[in-house]
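Here is a short tour to read with the viewer open at your side. Take it one heading at a time, and pick out the residues as they come up.

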Amino acid sequence: MEGPARTIAVIGGSGTLGAPLVAELRARGREVRVLSRRSAEYPVDLTTGAGLGAALDGCEVVVDASNNSSARGAKATLVDGTQRLLEAAGVAGVGHLVSISIVGCERAPMGYYKVKTEQERLVSESAVPWSIVRATQFHELVAWAFGAVARFGVLPLPRARLQTVAAAEVAHAVADVAEREPLRRRLEVAGPEVLELRELARTWRTGTARRARAARRRAHERAPRRAWDDHVRGLDRARSPASLISTVHQVRNGRHGSAIARNCSSDGGASRP
Ligand SMILES: NC(=O)c1ccc[n+]([C@@H]2O[C@H](COP(=O)([O-])OP(=O)(O)OC[C@H]3O[C@@H](n4cnc5c(N)ncnc54)[C@H](OP(=O)(O)O)[C@@H]3O)[C@@H](O)[C@H]2O)c1
């Protein structure tokens with residue numbers, strides 16, 4: 001997007017990704033509107049469509065960084081909400097919708113990922129010019145999950161490899177996309193290194209000085225479930241450990257490590273993170 005600032009609406013502009021995105025766009029001199037249910041300026045609710053028309057009026061670009069990962073709310077916000085958003089964007093004459101998704105969501109057989117895949121389909125089949133930015137899990141999410149389960153005195157560590165990325169790095173990539181012409185395809189953003197969950201946990205423990213031992217199998221089965229339920233209720237979302245994880249990575253690697261962005265096809269054929 002060249003020339004004078006054009007108004008960019010960020011739905012979910014108060015969230016983990018949305019907040020650094022709004023800051024990044026404003027630092028670049030863009031006119032930004034923060035839309036969310038609790039926004040003082042532009043309250044909108046994707047589950048009902050309330051406020052969308054007025055909030056999008058005059059916006060050239062819309063970034064949808066909203067989220068709801070609960071079993072009950074995900075579809076209403078991310079699928080039905082996207083349908084409402086696309087209709088409102090069409091009426092408002094929005095020239096570019098940037099939607100946020102997850103690397104490999106079409107390969108995960110869980111409800112939330114199915115919802116994200118459906119959200120991608122709606123956006124990619126829309127008449128509104130679009131781009132989709134897919135990211136791997138944020139450091140912030142992993143830090144939150146460790147913090148939540150550590151309250152049980154254990155860190156359940158199933159064998160898993162993650163390529164987590166800082167939300168701020170994703171925000172930078174999303175801002176780049178929002179400033180350009182619609183891609184009409186997906187772009188993937190991943191963290192700089194693939195790590196075992198155990199390594200991430202070690203880093204988290206070092207950074208937070210929290211004491212939690214590796215859990216035995218039975219504790220594994222209980223703790224994550226409770227933690228997930230808490231997440232669903234939006235309780236106790238600890239964000240500060242994330243910056244500690246980033247900092248420890250930075251120190252260990254001599255750099256924070258830039259996120260890696262790559263293109264992938266519009267049919268979702270993304271390579272594994
Ligand atoms: N977290 C990760 O690790 C990760 C990884 C890859 C991709 N992503 C994707 O990144 C996007 C943002 O995720 P996030 O983790 O940054 O989300 P988040 O921290 O949970 O923030 C969600 C935002 O959406 C707003 N919101 C929720 N329901 C809404 C509704 N009905 N209408 C309007 N606004 C609503 C919230 O504000 P109010 O409460 O004020 O409405 C908040 O600003 C999502 O598409 C997610 O799938 C996330």
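## The model as a whole

This is a predicted model, in which local features need pLDDT of at least 70 and side-chain atom pairs count only at pLDDT 80 or more, while totals for chains, interfaces and linings use all residues. Residues are numbered from 1 along each chain as its sequence is written.

The protein has nine helices and 12 strands. Both kinds of element are DSSP runs numbered from the N terminus: helices are H or I with at least four residues, and strands are E with at least two. Of the 273 residues, 42% count as buried. A residue is buried if 20 or more other C-beta atoms lie within 10 Å of its own, exposed if 12 or fewer, and partly exposed in between, with C-beta atoms placed from the backbone. Among contacts with a separation of 6 or more, 80% come from residues 24 or more positions apart. Two residues are in contact if their C-beta atoms, placed from the backbone, lie within 7 Å.

## Covered strands

In a regular strand the side chains alternate between the two faces of the sheet. Start with β1, where Ile8 and Val10 point one way, Ala9 and Ile11 point the other way, and all are buried. Strand β1 runs parallel to β2, and four bridges join them; strands pair if DSSP finds at least two bridges between them. Ala9 stands opposite Arg33 in β2, and Ile11 stands opposite Leu35. Five of the five residues of β2 are buried: Val32, Val34 and Ser36 on one side, Arg33 and Leu35 on the other.

Now look at β6 (residues 130–135), where six of six residues are buried. One side carries Trp130, Ile132 and Arg134, and the other carries Ser131, Val133 and Ala135. Strand β5 (residues 96–102) runs parallel to β6, with six bridges between them. Within this pairing, Leu97 has Trp130 as its bridge partner.

## Helix α1 and its partner α6

Two packed helices are described by the angle between their axes and the distance between the axes. For α1 (residues 18–27) and α6 (residues 167–178), the angle is about 50° and the axes are 8 Å apart. Axes are lines fitted to C-alpha atoms, for helices over the stretch in contact, and angles run from 0 to 180 degrees between N-to-C directions. The two helices are therefore oblique to each other; angles under 35 degrees count as roughly parallel, over 145 as roughly antiparallel, 65 to 115 as roughly perpendicular and the rest as oblique. From α1, the contact uses Pro20, Leu21, Glu24 and Leu25, and from α6 it uses Ala167, Ala168, Ala171, His172, Val174, Ala175 and Ala178. Sorted by class, this contact has nine nonpolar, one polar and one charged residues. Here Ala, Val, Leu, Ile, Met, Phe, Trp, Tyr, Cys and Pro count as nonpolar, Asp, Glu, Lys and Arg as charged, and the others, Gly among them, as polar.

The buried residues of α1 include Gly18, Pro20, Leu21, Val22 and Leu25. Their cover includes β1 (8–11), β2 (32–36), β4 (61–64) and α6. After α1 comes Gly29, with a positive phi near 90°.

## Helices α3 and α4

The axes of α3 and α4 (residues 111–124) come within 9 Å and cross at roughly 5°. That makes α3 roughly parallel to α4. Among the residues in the contact are Leu78, Val79 and Leu86 of α3 and Tyr112, Val115 and Leu122 of α4. By class, the α3 and α4 contact has eight nonpolar, four polar and three charged residues.

Leaving aside neighbours within four places in sequence, Val79 is in contact with Val115, Glu118, Gln119 and Leu122.

Most residues other than glycine have a negative phi. Arg184, however, has a positive phi, near 55°. Arg184 sits in the loop between α6 and β9 (186–190) and is exposed, with 11 other C-beta atoms within 10 Å.
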